[in-house]
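Biologist: Could you take one part of this model and go through its surroundings closely? I would like its neighbours first, and then the open space beside them.

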Amino acid sequence: MVRNPERRTALVDAAIEVLARDGARGLTFRAVDAAAAVPNGTASNYFSSRDDLLAQVTGQIHQRIAPDPDEVAKVMAAPPSRALVAELMRWINRRVTENRTGYLAMLELRLEATRRPELRAELTRVIRETLDEDIRFHLEGGLPGDRTAVTLIYLAMTGLMLEQLTLPGVVPAEETDGLISELVDRTVGPEGE
């Protein structure tokens, strides 16, 4: 395999774009080459198979959608409270709309994982690690709510993301802030409890 890390990263980024735009069925080496504006056959020089490419996408997509640590530190400067939990969830919700392509590609990966056991195992591992890190971040940050509350918020926010990315008219954008506040109130309790 060719060893040009910048080119490999560009190809994986192009694969994320193709995955979000065309779905898993449209993710071919030729489509990745076209999206990366490189000669035909380039992707096949970097990835041994489509499964290899999907594994690389799985590894890189989280880096692409992860928040900047400085942004996280800025948000976390506020004292731990129910209001801060709600603001963090609104912030995550805004990030979904700002990085629609990355999150759509993640949904496509999840769907493809239902048909590919190796991808399912790797994606499950990555998502489980992310959820565990979210729980650790929440608890160590002194935010209200226990492990179960964080898991319930994760599940509800994942559902909201799915609706907004696929059928945005189901939950109108102007209702999301109120729903997020209500979600936090019901899972961790209103302020002062």
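Modeller: I take helix α4, starting with its packing on α8: L54, T58 and H62 in α4 meet L119, E122, L123, V126, I127 and T130 in α8, where contact means heavy atoms within 4.5 Å. By class, the residues of this contact are 5 nonpolar, 3 polar and 1 charged; Ala, Val, Leu, Ile, Met, Phe, Trp, Tyr, Cys and Pro count as nonpolar, Asp, Glu, Lys and Arg as charged, and the others, Gly among them, as polar. The model is predicted, so local features need pLDDT of at least 70 and side-chain atom pairs count only at pLDDT 80 or more, while totals for chains, interfaces and linings use all residues. Residues are numbered from 1 along each chain as its sequence is written, and side-chain values use heavy atoms, with hydrogens and water left out.

The axes of α4 and α8 come within 10 Å and cross at roughly 10°, which makes α4 roughly parallel to α8. Axes are lines fitted to C-alpha atoms, for helices over the stretch in contact, and angles run from 0 to 180 degrees between N-to-C directions. Under 35 degrees counts as roughly parallel, over 145 as roughly antiparallel, 65 to 115 as roughly perpendicular, and the rest as oblique.

Helix α4 also packs on α7. Their axes come within 10 Å and cross at roughly 140°, so α4 is oblique to α7. The crossing of α4 past α7 is left-handed, meaning that the near helix is turned anticlockwise from the far one by less than a right angle; clockwise would be right-handed. From α4, R50, L54, V57, T58, I61, H62, R64 and I65 take part, and they meet T101, G102, Y103, A105, M106, L109 and E112 in α7. This contact has 8 nonpolar, 4 polar and 3 charged residues.

Next comes the open space. The largest pocket has a volume of about 1100 Å³. On a 1 Å grid over the protein atoms alone, a pocket is an open set of points where a 1.4 Å probe fits, with protein on both sides within 12 Å along at least five of seven lines, and lining residues have an atom within 4 Å of a point. Grid points are joined across faces, edges and corners, and the volume is the space filled by probe spheres set on the points. The pocket is lined by 37 residues, with I92, T130, D134, Y154 and M161 nearest its centre. Two or more lining residues come from each of α4 (50-65), α5 (69-75), α6 (82-98), α7 (100-113), α8 (117-140) and α9 (147-166).

For the whole chain, the secondary structure comes to 10 helices and 0 strands, taken as DSSP runs numbered from the N terminus (helices H or I, at least four residues; strands E, at least two).
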